[in-house]
Amino acid sequence: MAEEENQFEEFEQIDFLRDRHVRFFQRTLQVLPERYASLETTRLSILFFALSGLDVLDALEVVDSKVMIEWIYSQQVLPTQDKSNLNRGGFRGSAHIGIPYSTKGPGVLHPYDSGHVAMTYTGLCSLLILGDDLSRVNKEAVLAGLKVLQLEDGSFYAVPEGSENDIRFIYCAASICYMLDDWSGMDIQKAIDYIRGSLVSESLCDNSVTRVPGGWTYCAIASLCLMGRLDEALSPRELNRIRRWCIMRQQSGFHGRPNKPVDTCYSFWVGATLELLDVFQFTHFEKNRSFILSTQDRLVGGFAKWPDSHPDPLHAYLGLCGLSLIGEPDLKKVHPALNITQRAFQHLQQLQQTWRDNAGSCVGQQ
Amino acid sequence: MSTVEEPSSEPLGVKEQKELDAEVGDHLGDNYGADPTRYILYRDRKEWADLEPVPQDDGPNPVVKIAYSDKFADVYDYFRALLKKDEKSERAFALTADAIDLNAANYTVWHYRRVLLQALSKDLREEMKYITNIIEEQPKNYQVWHHRRMVVEWLNDPSAELQFIADVLSQDAKNYHAWQHRQWVIQEYKLWDNELDFVENLLDEDVRNNSAWNQRHFVISHTTGFSDPAIVQREIHLFYRKSIQISKLANRFLFDFIHCF
C-alpha cells in the first residue's frame, strides 16, 4: 500500500510541459530533415497531427491559418474542364507527383494524379480546425473519388490505382461522408458487413475481438458510430465482449494487442473506443496518465511511443488526445469518433446546419 | 566515408542522412553505375539529357516541408518527369529502384513500377527476388507487402510464400503485415494443410504469441469450424499443454480462445 502511495506521488511529479509541445508542433509545421522522407506522400496527415495537436493545446494562434488553408486546397485534385478525372477526386498528401501549385480550377490532367482517402479525411479535418467553411471543397469530385475505392467486400482502397485494403480506409471514408453530410460516397451496408467480419468470429459462439489490433478496433467502432449504426451492427453481447477486450488492453498505459508492449498512441485508439462504448470511466486514469507522460520528451516536446524513444508527430498528437480523454487540465476535449476537438466539431455542425438551410431554400434551383 | 557527396552546411540531421546514404550506396553496386563510389546525378547523365526534370511545387508557403538533399531531389525530379510523360522504358524502370531506395513508402513509385513490369514484360521471378530483399530490410512497410502480393498474383505462384513469411516471422513473430499476407495467401490458394502445425511450433517458442493463437482460430474457423466435439477436445488439450508453460494463467487470450467452447 505504501508502495502504491509512492507511485502515486511519482505520477504527481511528472509535469505536463505545454509550451514544449506547442513548439514541437510549430517545428513540425516548418521543416523536417530528410530522414522523414517516408512521410512525403502523407504530409497532409502530419499537418493534421500538428494542427489538431495545437487545437487540443488551445494554441492555434501560433498558426497562420490563411497560409495553411491555401496549402491544403492546393492538394485538392480539381476536376478538369471535361470532368474526365472526377473519379480520381479527393486530396493528395503532397505535391510529390509534380502537379503545379494551384488552388483554383480547372484541374490539370495527369496520368498518375489522384486523391488518397486518408489525405482527404485529414485534409477536411484540417480545414475545419482552421475555421474554413469547406466552400472550396469540390464535393462532387470528392464523393466520386471515394465511391470507386470501395471493394465488393466493403473495404476500401486508399487510391484508385489500388493499394492494400482494410478497415482504416473504411474509417476515413465514413469520416469524409460524415463531414460532408453525404453518404452517397459509400455503400454503408457493405462496409458494416466487412466491419462485422473483422470484429466478430464466425464460430459457434460470438467470440471476442481477437482478430484486429487496437487501432483497427477504433476504426471499426468509430466508423459504426459515425454511421449511426453501432447498436444495429453489433449485439449487446458482442459490444460487451469488445468493451471487455478493450479494457483488458490497459496495462499501465494501453497496448494494441495482448502481450505487446504499451504504446502511447493506444491511449487514444483504445481510450476513445472505450469512450464511444461508454466505459472509459472504468479505466485507471492515473496509470494511463503516468505512462503517457513517461514518453514525454522534456527537451524537444512531443511524445514518443515508448519512454526514452524519439517523439514523432503522430504520438505527440495522440498522446495529447489520450490525456484529453482523462481530463488533463487546459486541454480541449476531443470528439472521440471524428478525432478533432469538440470546438472544431461544433464548427462543423454549424456548417452542416447552414448547408441544410440553404438546400431547403434552394430546392427549386437544383 | 565515401566521397560521393560534397560537404555542405545543412543541419546535422540532413548530413547524417547523407552519410548513411553513402554507406548504403557502397553496398548497392548496380544502383550507382559501373563505379560504385562515384554517383552521377541524373541531370548530369547524357542519356537523360532529353528529359526536363520536374521539381516538386509546394507553392509560395510550403507546410511540413521535408528538406531533401540534392541527390534525393534529383532522383525524384526525374521520376516526376517520367510520370508526366507516362514513359514506358528500361531507364524508367531502373530509376524506380533508385526512387524506392530513397523512399520505399512512396506508393506512386511502386504503382509506376508495376505498370512498367507489365508494359516491359519484365521477369517477375527477378522481381520476387527484388521485393524479397526490400521486405527483409523494411518488413513493416505497407507498400512493399502490397507489391509482393501483386507479383504473387501475376505469377499465380504462392509456392515461396509460406517459407518467406515464416522467415520474416522468425525476426518478429508478431509482424502484423506478415500475418495479413499469410492469411491472404492461405485463403487465396487454399494452403491450409500444415498451418496448424506451423502455429503450434510458434507457440512452443512463445506461448504468449497472440498472433499465433489468432492464426489458429483463423484456420479452424475457415476449415473444420468448431462444431465437431473432436476438434473442441483437441483444442482444449492443446490449451492445457500450453498453459502449463506459464506460471500464472494470466494469458487473457488463452481464456478468450478457450471460452469459445
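Buried means under 20% relative accessible area, exposed means over 50%, and partly exposed lies in between (1.4 Å probe, protein chains only). By that scale Asp58(A), with a relative accessible area of 46%, is partly exposed. This is a predicted model: local features need pLDDT of at least 70, side-chain atom pairs count only at pLDDT 80 or more, and totals for chains, interfaces and linings use all residues. Residues are numbered from 1 along each chain as its sequence is written, chains are lettered from A and ligands numbered from 1 in the order in which they are written, and side-chain values use heavy atoms, with hydrogens and water left out.

**Backbone features, chain A**

- Helices (H or I, at least four residues) and strands (E, at least two) are DSSP runs, numbered from the N terminus.
- Asp58(A) sits in the loop between α3 (43-56) and α4 (65-73) of chain A. Its phi is near 55°, a positive value in a residue other than glycine.
- Asp330(A) is not a glycine either, yet has a positive phi of about 70°. The loop between α14 and β4 (334-335) of chain A holds Asp330(A). Asp330(A) counts as exposed because its relative accessibility is 65%.
- Gly105(A) and Pro106(A) are joined by a cis peptide bond, with omega about -10°. Pro106(A) is in the loop between β3 (90-91) and α5 (117-129) of chain A.

**Salt bridges**

- A salt bridge is a side-chain nitrogen of Lys or Arg within 4 Å of a carboxyl oxygen of Asp or Glu. Over all chains, the structure holds 36 salt bridges.
- Glu164(A) pairs with Arg168(A) in a salt bridge, the closest N and O atoms being 3.0 Å apart. Glu164(A) is buried at 16% relative accessible area. Arg168(A) also counts as buried, at 19%.
- Lys129(B) and Glu126(B) form a salt bridge, with 3.2 Å between the closest N and O atoms. They are 3 residues apart in helix α5 (residues 124-137) of chain B, so about one helical turn separates them. Lys129(B) is exposed at 52%, while Glu126(B) is partly exposed at 43%.
- Asp172(B) and Lys140(B) meet through their side chains in a salt bridge (3.1 Å, N to O). This pair links distant parts of the chain, 32 residues apart: Asp172(B) is in the loop between α7 and α8 (176-189) of chain B, and Lys140(B) is in the loop between α5 and α6 (142-155) of chain B. Asp172(B) is partly exposed at 23%. Lys140(B) counts as exposed at 54%.
- One network joins Glu40(A), Arg43(A), Asp58(B) and Lys65(B) through salt bridges that share partners.

**A buried polar side chain**

- Asn288(A) lies in helix α13 (residues 285-294) of chain A. Asn288(A) is buried, with a relative accessible area of 0%.
- The side chain of Asn288(A) makes a polar contact with that of Ser267(A), at 2.7 Å. A polar contact is a pair of N or O atoms within 3.5 Å; within protein, one must be able to donate a hydrogen and the other to accept it, and residues adjacent in sequence count only if both atoms are side-chain atoms.

**Helix α7, chain B**

- Leu162(B) is found in helix α7 of chain B. Leu162(B) is partly exposed, with a relative accessible area of 24%.
- Leu162(B) and Glu195(B) are 33 residues apart along the chain, and their C-alpha atoms are separated by 9.2 Å.
- Asp167(B) also lies in helix α7 (residues 161-171) of chain B. Asp167(B) is partly exposed at 38%.
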